[in-house]
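Have the model open and follow along.

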Amino acid sequence: MTEGTVAFPLAGDDAKTWYRVTGDLKADGPAPLVVLHGGPGGTHDYLLSLVDLADGRAVVHYDQLGSGRCTHYPDRGADFWTPELFVRELHNLVDALGIRDGHHVLGQSWGGFLAQEYALTQPAGLRSLVLADTAASFPDFVAACNGLRAELPPEVEATLRRHEEAGTTEDPEYAEACNVFYRRHLCRADPWPDEVVEAFNWIERDPTVYHTMNGPSEFHVVGNLRDWDITARLPSIRVPTLLVSGRYDEATPRIMRAISTRIPVCDWVLFDESSHMPHVEEEARFLEVVGAFLRRIEA
């Protein structure tokens, strides 16, 4: 395992992207897998189980700009934090690591948004996509989350609504109410693994990106991503694609079906015992499914 940073001058002279490579980026091995974390504003930590895919194949994790171990810009606003910025960062990382000629991309949650945007730039060397627990329309995603929210205990819903209407979503009581939703539809493992907790801790340390692009919670979305929708562009994704999601996922089966019916070459696997993190909740099966897909693409 090696770690490092690459300069990302398009974001500023001091901007650096932190990365971690498990395995060997040798040219004669299987194409590496680049892993895109969620949030936006999360970190790679909660996706570390994917290092087990590094069996002759390199796996690249990285923290996106403004997150985790990368350069932070807490004073920059919505005009800076855009999907286009993160697509440029991914292109920059692929070039810096010398894997332009062949690579796979796995994006989870917001990372899936980013993976789709990246694929739509028709990058040279992209061999496949894995889209995990994601959406092609943020309005549809938020609507699905709010449908699940309506199933919460009435007192939890009342707490959420009271703080949202009062503008007091920083109150610990609001976070506690959100946690009821998250334990049902984000990660059903009990207790949460340390790496999942750590990814959330990073957002708390610097919530700039999450609050600017998303908002205070998964279902109270007031950030600049609120109108993001690329559903009509999905037929232009030209690489084989695997969708994975959980039965209890906030990215509901209806959301995933909207993607699966529009990408020309697309398979979808539903994990019956999982919510938003089947890579944690059903880790062994998740790694088996993704690994088999990658091997089939390269056969």
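## A buried serine

Ser260 counts as buried, because its relative accessibility is 18% and the cut-off for buried is under 20%. Do keep in mind as you look around that this is a predicted model.

You will find Ser260 in helix α8. Its side chain reaches the backbone oxygen of Arg257, at a distance of 3.1 Å. Setting aside the neighbours within four places in sequence, Ser260 is in contact with Leu243, Cys266 and Trp268.

Leu243, one of the contacts of Ser260, belongs to strand β7 and is buried. How many of the six residues of β7 are buried? Six of the six, across residues 241-246, so the strand is largely enclosed by the rest of the structure. Both faces are covered: on one side sit Thr241, Leu243 and Ser245, and on the other Leu242, Val244 and Gly246.

Strand β7 has pairing partners to look at, too. Strand β6 (residues 126-132) pairs with β7 in the parallel sense over four bridges, and here Leu129 stands opposite Thr241. Strand β8 (residues 266-271) also runs parallel to β7, joined to it by six bridges, with Val244 standing opposite Val269. To get from β7 to β8, the chain passes through helix α8 (residues 253-260), making a right-handed β-α-β crossover.

Cys266, another contact of Ser260, is buried because its relative accessible area is 18%. Cys145 is buried as well, because its relative accessible area is 0%.

Which cysteine has the closest sulfur to that of Cys145? The answer is Cys178, but the sulfur atoms are 11 Å apart, which is too far for a bond; a disulfide would need them within 2.5 Å. Searching the whole structure turns up zero disulfides.

## A helix that fits its length

Now turn to helix α1, which covers residues 83-96.

Several residues of α1 are buried: Pro83, Leu85, Phe86, Val87, Glu89, Leu90, Leu93 and Val94. After the helix comes Gly98, which has a positive phi, near 70°.

Conventions: Residues are numbered from 1 along each chain as its sequence is written. This is a predicted model: local features need pLDDT of at least 70, side-chain atom pairs count only at pLDDT 80 or more; totals for chains, interfaces and linings use all residues. Side-chain values use heavy atoms; hydrogens and water are left out. Buried means under 20% relative accessible area, exposed over 50%, partly exposed in between (1.4 Å probe, protein chains only). Helices (H or I, at least four residues) and strands (E, at least two) are DSSP runs, numbered from the N terminus. Two strands pair if DSSP finds at least two bridges between them. A crossover is right-handed if, with the strands pointing away from the viewer, the path from the first strand over the helix to the second runs clockwise. The expected span of a helix is 1.5 Å times one less than its number of residues. A polar contact is a pair of N or O atoms within 3.5 Å; within protein, one must be able to donate a hydrogen and the other to accept it, and residues adjacent in sequence count only if both atoms are side-chain atoms. Contact means heavy atoms within 4.5 Å.
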